[in-house]
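Subject: Structure for your review

Dear colleague,

I am handing over the structure below, and the notes after it set out what was found. Please read them with the coordinates open beside you.

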Amino acid sequence: MLKSVKTLDGFVIAATDGHLGRVKDIYFDDEQWTIRYFEVDTGGWLTGRRVLLSPISVTSIDWTHDTIHVSLTKQEVQNSPGIETAKPVSRQHETALFNYYGYPYYWTGPYIWGYTAFPMMAGQPPLEDPTLHTRDDPQQDGDPHLRSKDEVVGYDIEATDETVGHVEDLLFDDKNWSIPLIVVDTRKWWAGKHVLVSPKRIERVSWEEKSVMVNVTREQVESSPEYSAGVLPQEEEYEDVYWHMGRPMPVPEDRKDAGDGSRHGR
């Protein structure tokens, strides 16, 4: 089911032995378009220190009581590597964090979570050839591709012919934490509305210019399926966004071998 990334702000993080704090921000991967971390403000119990927690640690989400339950103790989180919240997350920090918790690296393997389609504590199999099934790692060149939700919300959407709106929200799948849709607010540019755009149409994100470049026209964005706040689209509805933009919706990784008979195969 799709959920709004912005609604996670302020959610309580519940450890196995008490509350850790509240969600302060979300970090996502702008290549795979997947949520990678919660930034948690630990409040008074840890002298206001902020830490990163991976969705791998999540056991359940209580949407009624705004609570995320994780399989960690307060002591484990207290001893985890810290972050500098004003800076992008480096691969070096991620490696230290994943090694500390014993998580398999998501940046290796053929799927969005490494060797699994979902964030889980599955063992990471050895590779006969380290380059086989291992994605290129742009972070080795100093570009982390991990950014804050608070940073990207508000960025301009630049179509091939003109600016068409700004990023209002991101919609994520609460099973695998991928971000299949972006909510675009067009009201500043015409008698506008909120429409949905696929991240698959993004050419690049300019953090310097605070803009998101998409390889579609203003007309295509303007005529995209509309979005109403609080009315989250189901899969059969947001599939239309992909076809409208001239691309089939990617088959979910857990169904690739199932011979899905929908429009994916057209």
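Two rings of Phe, Tyr or Trp (taking the six-membered ring of the last) are counted as a pair if their centres lie within 6.5 Å. In this model, which is predicted, the structure holds 16 aromatic pairs. One of them joins tryptophan 63 and phenylalanine 172 in a tilted arrangement, with 6.5 Å from centre to centre and 40° between the planes. Because tryptophan 63 belongs to the loop between β6 and β7 while phenylalanine 172 belongs to strand β10 (residues 163–173), this pair ties together parts that are 109 residues apart in sequence. Tryptophan 63 is partly exposed, at 25% relative accessibility, whereas phenylalanine 172 is buried, at 0%.

The rings of tyrosine 106 and tryptophan 107 have centres 5.0 Å apart and planes at 85°, so that pair counts as edge-to-face. Tyrosine 106 is buried, with a relative accessible area of 3%, and tryptophan 107 is also buried, at 8%. Both residues belong to a cluster linked by ring pairs, which includes Tyr37, Phe98 and Trp113.

The charged end of lysine 3 is placed over the ring of tryptophan 63, at 4.6 Å from its centre, and arginine 36 lies over the face of tryptophan 113, 4.6 Å from the ring centre.

Aspartate 29 is found in strand β3 (residues 18–29) and is buried, with a relative accessible area of 8%. Setting aside residues up to four places away in sequence, aspartate 29 touches Thr34, Arg36, Tyr106, His145 and Leu146.

Most residues other than glycine have a negative phi. Tryptophan 33, however, has a positive phi near 50°; this residue is placed in the loop between β3 and β4 (34–41) and is buried, at 7% relative accessible area. Aspartate 66 likewise has a positive phi near 50°, but aspartate 66 lies in the loop between β6 (58–62) and β7 (67–70) and is partly exposed, at 36%.

Finally, lysine 210 is found in the loop between β13 (202–206) and β14 (211–214). Its C-alpha atom is separated by 9.2 Å from that of isoleucine 157, although the two residues are 53 residues apart along the chain.

With kind regards

Key:
Residues numbered from 1 in each chain as written. Predicted model: local features only at pLDDT ≥ 70, side-chain atom pairs only at ≥ 80, totals over all residues. Heavy atoms only, no water. Helix = DSSP H or I, 4+ residues; strand = E, 2+ residues; numbered from the N terminus. Buried < 20%, exposed > 50% of the residue type's maximum accessible area, 1.4 Å probe, protein only. Contact = heavy atoms within 4.5 Å. Phe/Tyr/Trp six-rings, centres within 6.5 Å; stacked < 30°, edge-to-face > 60°. Lys NZ or Arg CZ within 6 Å of the ring centre and 35° of its normal.
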